[in-house]
Amino acid sequence: MPSGGFYSTGLIFNLYLCRVGLTFTLLRDFFMFSILIPTWNNLEMLQLCVESIRLHSTYEHQIALHINEGSDGTIAWAQAEGLDFTVSAENIGVCKAVNLAFGKAKREYIVYMNDDMYVLPGWDSALLFEIQGFPSHCFMASATMIEPVERNHKNVAIVRDYGNSVANFQQKKLMSEWQELPFRDWHGSSWPPLLVHRDYWNMVGGFSIEFSPGMYSDPDFAMKMWMAGCRIFKGVSDSRVYHFQSRSTNRVKKNNGRLQFMKKWGVSASAFYRYYLKMGDWYEGALKEPEKSLTLNLHRWKARFYGMINNE
């Protein structure tokens with residue numbers, strides 16, 4: 001009967017649409033990111049960060065906060081925005097905060113981001129394009145930051161001042177210029193915005209809480225990934241964020257992360273960045289074991305000696 005044929009075709013078409021929808025959902029959950037953002041009474045900056053993620057991302061991502069204290073209204077705002085979050089009554093530092101936020105993560109890929117960052121259009125699709133070309137899930141990838149003040153490490157960030165606060169943020173100027181700022185892919189992914197696969201986050205145990213409140217937790221996480229076999233530490237030029245460099249670390253008592261890193265790993269963080277990750281060199285593919293040299297051995301001996309004579 002014609003009507004029977006029509007309904008059969010319609011049923012088949014509906015089943016096809018359901019299958020397409022299910023496939024899309026699975027692909028979305030597999031490829032898109034859980035973005036972990038620790039924050040500490042920095043609501044105005046956090047609002048700008050989240051707004052940029054929603055406005056400039058190619059895909060829809062999960063945002064998971066850890067709210068330290070939240071006495072500035074952050075908790076009520078996060079609830080109103082429907083964001084996933086964890087809370088502590090006081091500031092517990094970045095290591096514990098990010099680890100707690102990870103407990104809310106639902107996606108395959110984990111991004112650690114600071115609350116004083118403003119992502120630029122296509123930041124996520126550029127990262128996704130890169131990681132799809134990697135041979136395995138064993139990698140670290142970072143967006144390239146645009147910052148108002150130059151870092152000690154060359155070729156890991158673009159230096160251009162568009163403001164250091166929400167009040168003096170030159171948003172229109174940034175949006176008209178960021179694509180014209182020349183740069184290249186670089187070695188040494190270690191800083192946020194940082195992207196890893198959740199399997200390797202679990203393997204290395206997230207951020208090491210002995211580095212709380214957080215000094216030198218970034219190179220420690222990278223070293224743990226190195227020990228797990230990771231040799232791809234890629235900074236992606238096409239993925240860009242503006243970083244206000246609004247340092248909440250000025251409000252905390254800092255741990256002696258430099259000494260902790262040397263005692264734990266038998267080498268300084270600076271030597272790890274230079275000889276292992278080749279931080280700041282233009283990207284040329286997967287890294288190799290550092291070449292044996294007298295200079296590197298001297299760095300190792302110096303670190304061990306410094307660790308022995310300091311009992312902090």
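Modeller: Strands are DSSP runs of E with at least two residues, and they are numbered from the N terminus. P193 sits in the loop between strand 8 (186–187) and strand 9. The model is predicted.

Biologist: What makes the peptide bond from P192 to P193 cis?

Modeller: Its omega is near -5°. The peptide bond from S212 to P213 is also cis, with omega near 5°. P213 belongs to the loop between helix 7 (198–204) and helix 8.

Biologist: On to strand 9. How do you know that both faces of strand 9 are covered?

Modeller: In a regular strand, side chains alternate between the two faces of the sheet. L194 and V196 lie on one side of strand 9 (residues 194–197), and L195 and H197 on the other. Each of these four is buried. Buried means under 20% relative accessible area.

Biologist: Why are strand 4 and strand 9 said to pair?

Modeller: Pairing needs at least two bridges found by DSSP. Strand 4 (residues 109–112) and strand 9 have four bridges, so they pair. The sense is antiparallel. Y112 stands opposite L194 of strand 9.

Biologist: How many bridges join strand 6 and strand 9?

Modeller: Two, again in the antiparallel sense. The cut-off is at least two, so strand 6 (residues 140–147) and strand 9 count as paired. A141 has L195 of strand 9 as its bridge partner.

Biologist: Why is C230 called buried?

Modeller: Its relative accessible area is 0%. The limit is under 20%, so C230 is buried. C95 is buried too, with a relative accessible area of 0%.

Biologist: Which residues of helix 9 are buried?

Modeller: In helix 9 (residues 257–265), G257, L259, F261 and M262 are buried. Their cover includes helix 8 (217–227), helix 10 (269–276) and helix 11. Just after helix 9, G266 has a positive phi of about 70°.

Biologist: Why is E69 called partly exposed?

Modeller: Its relative accessibility is 33%. Buried is under 20% and exposed is over 50%, so E69 falls in between.

Biologist: How about phi of K278, positive or negative?

Modeller: Positive, at about 50°, although K278 is not a glycine. K278 is in the loop between helix 10 and helix 11. At 36% relative accessibility, K278 also falls between the two limits, so it counts as partly exposed.

Biologist: Last, the surface. What makes L294, L298 and W301 a nonpolar patch?

Modeller: Patch members need over 30% relative accessible area and no salt bridge, and nonpolar side chains are joined within 5 Å. L294, L298 and W301 form such a patch, with about 350 Å² of accessible area together. W301 has its place in helix 11 (residues 294–309). Its relative accessible area is 48%, so W301 passes the 30% cut-off.

Biologist: Why is W301 called partly exposed rather than exposed?

Modeller: Exposed means over 50%. W301 has 48%, so the label is partly exposed.

How values were computed
Residues numbered from 1 in each chain as written. Predicted model: local features only at pLDDT ≥ 70, side-chain atom pairs only at ≥ 80, totals over all residues. Heavy atoms only, no water. Buried < 20%, exposed > 50% of the residue type's maximum accessible area, 1.4 Å probe, protein only. Patch = residues over 30% accessible without salt bridge, like charges linked within 9 Å, V, L, I, M, F, W, Y side chains within 5 Å. Areas by Shrake-Rupley, 256 points an atom, 1.4 Å probe, with all protein chains shown as cover. Salt bridge = Lys/Arg side-chain N within 4 Å of Asp/Glu carboxyl O. Contact = heavy atoms within 4.5 Å.
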